[in-house]
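Please read them with the structure open.

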Amino acid sequence: MAGQGTPATALLTKRKIAHSTHPYDVSPDAPHYGALVAAALGVPPERVFKSLVAEVDGALTVAVVPVTGELDLKALAAAVGGKRAAMADRAVAERATGYVRGGISPLGQRRRLPTVLDSSALDHPTVYVSAGRRGLQLQLAPKDLVALTGAVTAPLSAR
């Protein structure tokens, strides 16, 4: 794993959580980026999740949703007991997490943000999330993702 270390992979290694890393080569500006990442990894797209940073009643919150769907902002707000949610400004999201767009991981963020994981993740033995760098995904059990992030699970994806 030389040269592939990120705060997310360091956290998993430190906590001795079973995981694997999977490099891929997809332009972050490509249309249908998530589906292309799933295809590059050779896994069903419903097992690949994207991390989106939103503001719920002014507080930053991470939503982890399948790349095959869109984030339902009303569902996200409801999941954390809020009233309104909107996508966070890109620069704000990057500053708060310490990661760049296309590489935001739900793990190892600069500031641990409240996290909501789409409940469909629990349907799979393992899921894929960003490892904290464009071109690198982590595979881990959804229960470990929930435990490490303190996430709540809720249906978040509007398909």
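1. Asp-144 and Lys-143 form a salt bridge, with 3.4 Å between the closest N and O atoms. The model is a predicted one.

2. How many salt bridges does the structure hold? There are three. Besides the pair in point 1, they include one between Arg-101 and Asp-29 and one between Glu-94 and Arg-90.

3. In the Arg-101 to Asp-29 salt bridge, the closest N and O atoms are 3.0 Å apart. Arg-101 sits in the loop between helix H4 (90–97) and strand E6 (115–118), and Asp-29 in the loop between strand E1 (20–23) and helix H2 (33–41), so the pair ties together parts that are 72 residues apart in sequence. Arg-101 is partly exposed, with a relative accessibility of 33%, while Asp-29 is exposed at 60%.

4. The Glu-94 to Arg-90 salt bridge has its closest N and O atoms at 3.3 Å. Where do these two residues lie? Both belong to helix H4 and are four residues apart, which is about one turn of the helix. Glu-94 is partly exposed, with a relative accessible area of 22%, and Arg-90 is likewise partly exposed, at 45%. Glu-94 does not count as buried because its 22% is not under the 20% limit.

5. Strand E7 covers residues 127–133. Is this strand mostly covered or mostly exposed? It is mostly covered, with six of its seven residues buried.

6. E7 pairs with strand E8 (residues 136–140) in the antiparallel sense, over five bridges. Within this pairing, Val-127 stands opposite Leu-140 of E8. The two strands form a hairpin with two residues between them. In that hairpin, Gly-135 takes a positive phi near 90 degrees. For a regular strand in general, side chains alternate between the two faces of the sheet.

Conventions: Residues numbered from 1 in each chain as written. Predicted model: local features only at pLDDT ≥ 70, side-chain atom pairs only at ≥ 80, totals over all residues. Heavy atoms only, no water. Salt bridge = Lys/Arg side-chain N within 4 Å of Asp/Glu carboxyl O. Buried < 20%, exposed > 50% of the residue type's maximum accessible area, 1.4 Å probe, protein only. Pairing = 2+ DSSP bridges.
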